[in-house]
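Here are a few notes to read alongside the structure. They cover the strands and then the ligand shell.

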Amino acid sequence: MLTQEQIRHFRTLGFVLCKGLLSKEEMQVISDAFDTAMEKARDGAPKPKPGEARQQVVPFFDYDPETFYPLLDDARIVEPLVQLMGEDFILTVSEGILHTGGSGWHHDACAPEGIFSMRAAIYLDRLSAADGCLNVIPGSHMKEYRDAIASNINNVGVGPEDIPGRYPLVNEPGDVLYMNHKTFHSALSDKPGRRAIHINCTQNATREKNTEHFDWLMGFLNGETNGWGRFYSDRFIRTASPRRKKMLDRAIELGFGNTGRVTHLQDLT
Ligand SMILES: O=C(O)CCC(=O)C(=O)O
């Protein structure tokens, strides 16, 4: 559960880092499962090298249902999502990422004012700023600030490392970062091998309540489905706890979730 201060932190600053949400022992299991899953997804190919594209597996959790599905039935991870997005939020895709270097400053999906999508990010390694821990620009989920940064970030006379307001999120395995997709973020190190799990979600919208939000939601679900393929395997749906099921039902109701091309292991039955 997030405290009221943590909820205000997220709303005001665009992120909240929950330190030590998962134990060292749990992280060891997740870390081992991650490596095995990524190897399986590479299908015999070697790990990507520095300078090559990162390995990004989306959706990811079907590569080890026993280890990864329970993360979405775990109140420690899910309750904060409910607190931040509301009861009827929608899970989109899980990701496993093996980075080959850093990421420049960017934001992810930008919903219209009054609605947002977000990620819970679990970095599996100890990361300092020098190792490429994620940086954020607090407050950049706010439209006017974000638009100004988007237009000018490469044009304010300082390099990416020196952007005023850069806030490094030093990571210990077990920390979970909740971040609004609108928030500017980066990882500024060429060091390869950073490992991350992302759980992506969006607030719900209905046509009756707000057409602009609903149209954005439909476009977002459509874009994610076209880009990544089917979100949920049959096994993922069948084994869902009531709380997990609630995260899947709305996407399915809208014609997504269990539709689209099978890109990874979404054909698990
Ligand atoms: O390099 C990272 O850790 C961040 C990656 C990221 O922000 C993204 O995939 O959108």
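Which residue in S7 does asparagine 135 stand opposite?

1. It's proline 168 that sits across from asparagine 135. Keep in mind that we're looking at a predicted model. The pairing behind this contact is antiparallel, with two bridges linking strand S6 (residues 135-136) to S7.

2. Zooming out, S6 and S7 belong to an open sheet of four strands, ordered S4-S9-S6-S7, with antiparallel pairing. At its edges are strand S4 (103-106) and strand S7 (167-168), each of which pairs on one side only. As a reminder, strands of a sheet pair through backbone hydrogen bonds, either parallel or antiparallel.

3. Now over to strand S3 (residues 90-98). Eight of its nine residues are buried, so S3 is largely enclosed by the rest of the structure.

4. Strand S2 (residues 55-57) is joined to S3 by three bridges, while seven bridges connect S3 with strand S10 (residues 195-202). Glycine 96 is a handy landmark here: valine 57 stands opposite this glycine, and glycine 96 also stands opposite isoleucine 197 in S10.

5. Last, the ligand. Around it you'll find His99, Ser103, Asp108, Leu134, His185, Ala187 and Ala196. Sorted by class, that shell comes out as three nonpolar residues, three polar ones and one charged.

Key. Residues numbered from 1 in each chain as written. Predicted model: local features only at pLDDT ≥ 70, side-chain atom pairs only at ≥ 80, totals over all residues. Pairing = 2+ DSSP bridges. Near = placed C-beta within 6 Å. Nonpolar A, V, L, I, M, F, W, Y, C, P; charged D, E, K, R; others polar. Buried ≥ 20, exposed ≤ 12 C-beta atoms within 10 Å, placed from the backbone.
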